Amino acid sequence: MVPARELMLAAEPDAAPRARRFVAEVLADAPEDTVSTAELVVTELVTNAVLHAKAPIVVRIFRTDGGARIEVEDGGRDLPIAPPLNPHSMTGRGLALVTATTAGWGVEPLAGGRKTIWAEVSAGPPGAGLPELDLTHLERPGLHPTDEPVFTVRLGSVPTDLLLAAKGHVDNVLREFHLVTSGAATVENQPPPELATLIETMAQDFAVARNEIKRQAVAAAGRGDLETELVLTLPVSAAAAGERYLAALDKVDAYARSAALLTLESAPAHRVFRQWYVQGLVDRLRALAAGGSLPVVPSFPQALAAEVERLSSMRDVSDRLSRLQQVTGELSQARTVSDTASALAGSAARHLDALSARVYLLQGDALAPVTPASLDEPWAGGDDPIPLTADRPAAEVARSRKPLAVRGRAALAGRYPDAAETFPDDVALHSAPLIVGAECIGVLTLTFPIVGMDEQSHTDIVTTLADTVAQALERAISTERAAEANAKLAAANERLAFIADASIVLSGTLDYEGTLDAIPKLMIPRFADWCSLQLMDEGALRLVAITHVDPERTKLGHEIMRRYPVRPNTDVGAGRVLRTGRPELLDPVTPEMIEAAAVESGHGALLRGLGAASALVVPLVHQEELTGVLTLVYSEPSRKYVAADVPFAQDIARRVGAALRSASAYRDKAGELADVRRVADAAQRAILAPPPALIGPVALAARYVGAAAEAQVGGDFYEVVPRPGSVRMLIGDVRGKGLSAVRVATIVLGEFRAVAADLANLPAIAGRLDQRLRPHLGEEDFVTALLAEIHDDGTFSVASCGHPPALMLTGDQINEVGTEFSLPLGLGADPVLESGQLRPGDRLLLYTDGAIETRDADRRFLDFIELLRPALDRDHVGVLDAVLTSLRQNAGGSRLNDDLALLIAEYRGQMS
């Protein structure tokens, strides 16, 4: 044999490639198949040394007559193991290749705890296999080359195939870790410290015990043994290594679950096995080292059985949670108390196998049921409220706030005799309080068949479900309360808006005929499908107006009233109201009521043709004198009057009566009223003097227009006060009309003139005006106002006290300023100051609500800004005249609906 040639290697990623190149160089003149086989063998042996041994690694090649002898020397005393191969294993295949491709291979011990693995490569047939060598000197002393005492631990029998599979999985992990470190060629690519520590623990810390177990498993498999008796001889230090090894495997599984490894997570049986054998090994090693008695360690089958029991319990818990989740999902879709109760009843049957489900809500001193009586059983309970003092399960739960379980009729009869009669003997009842925060809002009760889930499980389900139901009900109750409040608020707002519109319509004219014509139009269709107005005339009712949403039926109404005057002695409708002076709500209007009101059969047929499903009849009373009757009727059954509509209708009736009395008085005393109007108008115009045409860099103009010939006396006002460096402006509107409104306007203007030049800012002026006005206002009186100030540099500020915002006119743009809400003067005004900048040519337009409340002939509000837009190219005086002309042209009847004041200021730049 030719002397050997050697190559020294470190445990580095390029060790195997360097060894292959060395083989190719030494065997350059050998047959090609010998070279390729030698390269394959040296690759496997060097890789095994890098994985499982210590450096240095020495490769030797001897030329022989038949080929070559390859030796790989390393610092590991662990014997190479060739386990049975399986499709999932990434390790063990190399030794199988060595066996299949060489004439033989073996292991020789060396001094200093090293070993040599050799293989013969020749041109002859391969597969000589591992020779029968005496390796006892390698198997025991080399396993723990320390001076520690060793102890033998017998763990018991384990299925051989489980051992091989578990150890194969660990080998796969180690192989993958080796690939990771082998690929880390630079410092930047080194694995993180946590993974490096994990690799060290897996590969070295517990390697002695792990390899010994694998060796025993392979030997048992070779003998065909179905079970392997595990016997390990280890030092006590292996106990701590075992604990680190267990923790490392748990981290490996965590990596696998997060898809950070190619290797899959350990199988459940593998986890049970490693926990059983490592923990048993740790406990016994420490007991032996301490000289105490050995702890009782269950057999592996017992450990498996305990794990199955644990998983079964967890599965039951998971099943219950899944069912509760399904119920919770359905409850989350419910928005009302009724929907929540219905969802609970249905989902409890489908997902919890309940026979009945009941929810009781606490209302005062009783529990009111809100779910159906039962799912399948009529005995589940009645629909009557349960007093909290009752001797009933739900009442006790509400009092104690603790869950309750009663199993069968006998148990129920012992505790609640009154309830036992309706309780079957094959049902278990479970109740739990519905708690939200610190408040009990009700009780949840479910019943189940006795056969099936244990009582504690049912209690856990109902208790957990009660928390979900309580939250769902609280949400539903809050939603319903909010909806109810919103509906009431919307109805109240609608009525307020209606009253406001009615006030505008009824006060918009003193013409008696115009007032009569306006009343039915006001009511229809917002508050009635048809409406009639009858006034007292020499002791009898006379129809003065009737209107129906259907014009043909309006004609029918006139015909009915013409042919059949109201009889004061009837016991229903207008006749009864005329006689008693009290309003009458008729809902529904029955055929008997129509017959009672009819004079004869033809009259009844005409009344039915007019249509009446719900009616409200209210008296017109002015200064305790009954002046007529207002009748409101809904023809469609979908609309109905309720008790809350009665005071509202009475309020409208009072306004109608007052408007008619005012119109009548005006008609009778028109001359006297005209004199008064002229005096008041003269007074008003005296206090509203035109502003100066120019104050500093600000040009000014103003206009005032009365709403109608009959109502020129109003409370709209404006004023301008100069001060050093700026000009301050005021525009406002006193609630109401007449001389009293003029008097209040005079007070506001006088106080503004007194303080406008001295106080620091507009909010301070507003506060002074608010205080000055209060002694002069009635309970329902107030004044809306808007204050503005323009400085010589064009900066400006605006403060609104419940008044419409000012308009900033810039080129062809119109923007609102002063939109922040504040209470009017006299009610605690505390406005927010808003500021801006005017450029030369920019304008501020101040106006009263007459500009935005003017209606067209169809009673629709005019768009003031759109009417203003065409006038933007005019000078500031022309803007006022143009918008006034446009308002008059578009207003119904060419009269404005309210008084109107306009004040415009144009900034012309600082004087040079």
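Below are some numbered notes on a helix pair and on the salt bridges.

1. Ground rules. This is a predicted model, in which local features need pLDDT of at least 70 and side-chain atom pairs count only at pLDDT 80 or more, while totals for chains, interfaces and linings use all residues. Residues are numbered from 1 along each chain as its sequence is written, and side-chain values use heavy atoms, leaving out hydrogens and water.

2. The helix pair. Start with helix 1 (residues 15-26) and helix 2 (residues 32-52), which pack at an angle of about 150° with axes 9 Å apart. That makes the two helices roughly antiparallel. Here helices are DSSP runs of H or I with at least four residues, strands are runs of E with at least two, and both are numbered from the N terminus. Axes are lines fitted to C-alpha atoms, for helices over the stretch in contact, and angles run from 0 to 180 degrees between N-to-C directions; over 145 counts as roughly antiparallel.

3. Who touches whom. Helix 1 brings A15, A16, A19, R20, V23 and A24, and helix 2 brings V35, A38, E39, V42, T43, V46, T47 and V50. Contact means heavy atoms within 4.5 Å.

4. Salt bridges overall. Side chains of opposite charge can pair when their charged atoms come close. The count here is 34 salt bridges, each being a side-chain nitrogen of Lys or Arg within 4 Å of a carboxyl oxygen of Asp or Glu.

5. R274 and D250. These side chains meet in a salt bridge at 3.2 Å, N to O. R274 sits in helix 9 (residues 268-290) and D250 in helix 8 (residues 237-257), 24 residues apart. R274 is buried at 7% relative accessibility, and D250 is partly exposed at 45%. (Buried is under 20% relative accessible area, exposed over 50%, partly exposed in between, with a 1.4 Å probe and protein chains only.)

6. E719 and R753. What is the N to O distance in the salt bridge of E719 and R753? It is 2.3 Å. The pair links strand 21 (residues 716-723) to helix 23 (residues 739-755), 34 residues apart. E719 is buried at 13%, whereas R753 is partly exposed at 40%.

7. R728 and E789. This salt bridge spans 3.1 Å, N to O, and joins strand 22 (residues 726-734) to strand 23 (residues 783-791), 61 residues apart. R728 is buried at 0% relative accessibility, and E789 is buried at 4%.

How values were computed:
Parallel < 35°, antiparallel > 145°, perpendicular 65-115°, else oblique.
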